[in-house]
Amino acid sequence: SFTISLHKADNTTVMIKLKPGLSSSCRIHMKNVIRSELKIKPGENVTFAFTCSTPEKYFIMEIQKNIDCVSGPCPFGDVHLYPLGLPRLNRTYIWDVKASTKAGLELKFSTSWLRQIEPGETCPDSVSYNISSCIDKAMVNIGTFCRNGSVSRIKLLGGVVMSLHLPWHLPLTTSGFNIANRASIKRLCIIESILKGESSITLMSPNYPLGFPEDELMTWQFVIPSNMRASVFFHNYSLSNCERKEERVEYYIPGSPSNPEVFKLSDSQPANIAGSFNMSLQGCDQDAQNPGILRLLFQVVVQHPQVDENVTHLVDLSKEKNMTVTIHLEGWPSHIPLMSEPMCLICKDPRTCDRVLTLTSGAVYRISFLCKDLSRLRITAEKGIGCMDIRWCQRKIYSLSVPKAITRLPIRLHKFIWKLLATDLINVEITSPSLKLQQHVPEQRCNTSYSYSIVSATPETELNVGVFCPGGSIEKIQMRNNITISLKTFGKGFINESIPQDLKMSFVPHIKDECTFTVSPNPKAEVYLQTPNWPYGLPPYVSISWFIVVPSKRTAHLGFSKDRMGIACETGRAYVNIKEEALGAEEIVRREDELLPQPRNMHHNFWVNVSNCKPVHKTQLTLQFRVTFADKQIDLGIILGVVAGAGVLTAIGLTVYCVKKKKKKTQNPMVGVYNANVNTQMPGKKGLFGKGRQNNESHVYAVIDDAVVYGHLLKESNGSVAPEVDVYRPFDGPIGSLPPSPPPFSFRKDIKCSSNTEEEPPTLTDTDQDTYTFAHQKSGQSEDNGDANKKDKGDTSVPLLGNKEQDGLVE
């Protein structure tokens, strides 16, 4: 059992009751009476017991003592915990002290002092203090505090209600504070905080977060060693709606030429303050209909002076446009450093410092750092370039390089972002003439100190073009829509490696595909390329093109990394188109339900186009291909054919010369004479066409401007082959830098032609830009025929026509 005796003069009341919202079979037993709560008044002596062995699970206790400092003497000195011998329950001591508004009360805390916490936060040892003040019969919550902090004293206007919450298992015997004296303060309260060394504290305005009382004034006094530096940071605040006066913060800083220094809550607060200072918060007369809320949560950081705090760095952004430079801690903004972590501050003047500093273009800054370790700091910059009228910006070339004002700072650049904005009919072209770009792919990873991430975005679709680094084969990228290019650094080598940056940008008229790459490899390169948005796949209905430049005297070997596209279309069809830039070159087309082309050799510059449909499943279209190069192989048969053709043409020339002597006597009409057994190609460096022929016995004809019959040549075939005559039709289709167009849905697959059949040639489609020619190919003859018929400047040989099947162009 327990016995509690209360002296009447102590004016103390004890209340034992069940925890809120809890019902239990455990009760209080007193004089044959069972009850769920017990109230013991001043002057009473009560003995009781609990009906269970663990009453701390069910009951709480409040001990309230009323102190009158108005009509009687105020009990200055330590406040003791009374009465003794209380049951081991969670208990709250409440001291309600009445005082005159003309004489404030000062509460002084023991050596451990107090630390203010936010509403809802708990103290590690479960011991907490709550301090409230009475103003015109209204209660103002000054704050909730834990032990072990920096708050040493609090002066309050008028009365005070002090609460101490103790857990049942902690045998605390002292309250930890005393009533020091009475003094008129003429403001709501004064909170004194003593910071002895490097530290950080967080404080809040009274009634936080509900709102600071209307038209009130309060002060925080910070006691700081003279050899230390303090900085103030506002982390959360809001303003009320003022009818009169203005909400503000005032600082009294010893030695300042303009005390008090007045700041708005939205301003950057003073930093690098030497020694002790005061800070006051002043409210205003609020709008009665819509008062709003004035509240403030802030942090004070105390540090040793930095060795290089007087070292300034010039950042000249006066000639830049539409650019911001942000200096911040590593990991910002996703990682916000804890308030207890050592501060790393950036200052744009000796008293304006913050963890994050943003500089804007058009100005010159002199910044300094209050930071022991500058390696923790990073720079993120952003620049906007726009074009609303192609007539004004088409011929301009913009350099996408990091300004020297940034690279000269002793801080590592984290990211530089260029945002390229244009209207719907204006597109962006990215070039890297000297360094060129390499696409970061699993088989060919970037190992440089920086890379570029390129994203094309519209309100409907965002296309991640890919990650690229210098030192590759991509010379140009053309993109539609608005573009974001992000340069990101890795390691400390960026400053040295970035000196020869040559990334350029210009605005160009509307392009056909969402993205077009121009790839210009060196002859020994091995190039891996993959579709954008890797590995998630191309968005529906997106078309991408690559223009591959084949070095002279080299043959490109093109191969895909897989056999099929791996998708099924719900709407539309997906296509892969391949086409060489050569006269008569035929377009190779594969749908999503067909096998991709087998590895093949390309002798001229060629296009690769990938066009997506709307897939049935979530799996989107992803393709990767490789391009390697080898020396061009000259076939011995071609050489022999060229030599033989040269001899025949020499003989023809002699015959023509002889016949000319008879021209005056005989005038015959022009005829084309068929030669079935002789290759009549003229020798030369290159032929006319991009696709040449191997040594074969194609039907070749020449138009002679004299009437002549070559009887001695026809005799070799015993007259078994009748001469075939046709009219030369020059090529009139477009050959240029445009990528191949995806075929319409009615596209007809190519028809295989056998060399031994007499079938009619297939109907020409939109992709058949060359005229047909005559050929009777022998069985077993190779279809790949090199580059022996490509015409060079100065070649005066007679144009010869070849068959597409014979040239290896018909799939």
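**Entry 1**

I looked up Cys353 and found it buried, with a relative accessible area of 3%. Buried means under 20% relative accessible area, exposed means over 50%, and partly exposed is in between (1.4 Å probe, protein chains only). I noted that this is a predicted model, where local features need pLDDT of at least 70, side-chain atom pairs count only at pLDDT 80 or more, and totals for chains, interfaces and linings use all residues. Residues are numbered from 1 along each chain as its sequence is written, and side-chain values use heavy atoms, with hydrogens and water left out.

Next I checked Cys347. Cys347 is buried at 1% relative accessibility. A disulfide (a pair of cysteine sulfur atoms within 2.5 Å) joins Cys347 to Cys353, with 1.9 Å from S to S. I read 105° about the S-S bond, and this link of Cys347 and Cys353 is right-handed.

**Entry 2: Cys26 and Cys52**

How many disulfides does the structure hold? I found nine. One joins Cys26 and Cys52, with their sulfur atoms 1.9 Å apart. Cys26 lies in the loop between β2 (12-18) and β3 (28-30), and Cys52 in the loop between β6 (45-50) and β7 (59-68), so the pair ties together parts that are 26 residues apart in sequence. Strands (E, at least two residues) and helices (H or I, at least four) are DSSP runs, numbered from the N terminus. The link of Cys26 and Cys52 is left-handed, with -70° about the S-S bond.

Are these two cysteines buried or partly exposed? I found Cys26 buried, at 1% relative accessibility. Cys52 is partly exposed, at 22%.

**Entry 3: Cys123 and Cys146**

I then turned to Cys123, which a disulfide joins to Cys146 (S to S 1.9 Å). This pair links distant parts of the chain, 23 residues apart. Cys123 sits in the loop between β11 (114-117) and β12 (128-135), and Cys146 in strand β13 (residues 138-147). Their link is left-handed, with -90° about the S-S bond. Both Cys123 and Cys146 are buried.

**Entry 4: His304**

Where does His304 lie? I found His304 in the loop between β27 (292-303) and β28 (313-316). His304 is partly exposed, with a relative accessible area of 38%. Leaving aside neighbours within four places in sequence, His304 is in contact (heavy atoms within 4.5 Å) with Glu198 and Met228. I also checked Ser199, which is 105 residues from His304 along the chain. The C-alpha atoms of His304 and Ser199 are separated by 10.0 Å.
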